[in-house]
Amino acid sequence: MPGFEIFGDEERREVLDVLDTGVLMRYGFDQARQGHWKAKTFEKELAEKLGAQYCHLCASGTSALSIALAACGIGAGDEVIVPPFTFVATIEAVLAAGAIPVFADIDESLCLDPEAVAGAITPRTRAVLPVHMCGAMARIDQLADLCRERGLVLMEDACQAVGGSYQGRALGTFGKAGCFSFDPVKTITCGEGGALITDDEAVYRAADAFADHGHDHAGNDRGLEGHAIVGLNFRISELNAAVGVAQLRKLDVILEKQRAAKARIVAMLADFPEIALREIPDPAGDTATFLSFLMPDEGRARQTAKQLAAAGVDGCFYWYDNNWHYIRQWPHIRQLKSAARLPIHLQENIPDYESLDLRRSDAIMGRTISMLIKLGWSDAELETRIEKMAQVLKRT
Ligand SMILES: *Cc1c(COP(=O)(O)O)cnc(C)c1O
């Protein structure tokens, strides 16, 4: 990743179809569009690929999360259990729904710990929203069992894990809805875009309406469409969807390349028994967009991250100090700084995020380094990278 590394004639052709007809809107204009339905094509192909009944393509991964929450009936005052290690958008979407993010610890899978989730359930809990971080899965079978037993809605933030699977089943298909991002730096990209998948027709209908001002999309006269619910505009344009259509058709090639490159780096790491790989519940379903490993302690992790950068091994992330992916650097979220007055149920029920005890997550994140697996690496570049990494790891 990211998918933009392999842009080519395929993306260009799809975009030109749209420019040639002048139809940038994903709905209507049946005559003018000359058979080109980019968003609809993407939806059909992604649903088929992942084995989902329905797919809705929208403006971003963040909006996919907002749409999914609304379509699953999660709203004012509902508690949603989330991990503290994610892209901040997961939390934003819950807050925007008027729901309350409740943080539970992650474990060495770098995703929600099912036991911690069980411990965070209260009578107000409505949903669990695990994030399949850095290309690989949460303990999704255990989380699904827990949600079934406790009568909770399971939703998946699979924004970083398109194409991943657990025991042969696509990530995003375990919950009531699964969300994906196709933003500029994701595994495949639309420029900006996102999608949700579901097997539940009512969830799909609600999502499709909510994302487009409540339109029921019945018939082919937009002006005459009904509105069952209040919605917003989270539509994707046909230009963005066109890029996505070409990218989606490259997903298998992308995953294959990433897996091959990652396997070679992992083989080298076997020489360093004190370094632990992130736990991946089903390694065969890893998308291999990232290689994440845990150093013996925080000091070594910091030092190694610094030395990798100094040695020219780029694309390494020390998330613990990162402004966007871990709660430690989210004072605006912890203090709920907002541009306008917060909804009343949020003001009244929000937990004291400043006194959260996330020691287990801190201990894990403090030791973790993730490396981006790039599509553009030549064989020689990968070899050089592996040699440089080994030198740094021997020293630190
Ligand atoms: C990228 C991302 C999002 C948001 O997607 P956008 O398309 O950038 O809005 C949400 N959650 C996670 C885990 C992400 O990585």
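Guide: Here we'll chat about the ligand, a pair of helices and one threonine. This is a predicted model, where local features need pLDDT of at least 70, side-chain atom pairs count only at pLDDT 80 or more, and totals for chains, interfaces and linings use all residues. Residues are numbered from 1 along each chain as its sequence is written, and side-chain values use heavy atoms, leaving out hydrogens and water.

Visitor: New topic: which residues of helix 3 meet helix 4?

Guide: Thr62 again, plus Leu65, Ser66 and Leu69. Their partners in helix 4 are Ala89, Thr90, Glu92, Ala93 and Val94; contact means heavy atoms within 4.5 Å.

Visitor: What's the angle between those two helices?

Guide: About 40°, with the axes 9 Å apart. Helices here are DSSP runs (H or I, at least four residues), and axes are lines fitted to C-alpha atoms over the stretch in contact, with angles from 0 to 180 degrees between N-to-C directions.

Visitor: Last one: is Thr21 buried or exposed?

Guide: Thr21 is buried, because its relative accessible area is 16% and buried means under 20% (1.4 Å probe, protein chains only). Thr21 belongs to helix 1, and its side chain reaches the backbone nitrogen of Val23 at 3.2 Å.

Definitions and conventions. Buried < 20%, exposed > 50% of the residue type's maximum accessible area, 1.4 Å probe, protein only. Polar contact = N/O pair within 3.5 Å; in protein donor to acceptor, adjacent residues only side chain to side chain. Near = heavy atom within 4 Å.
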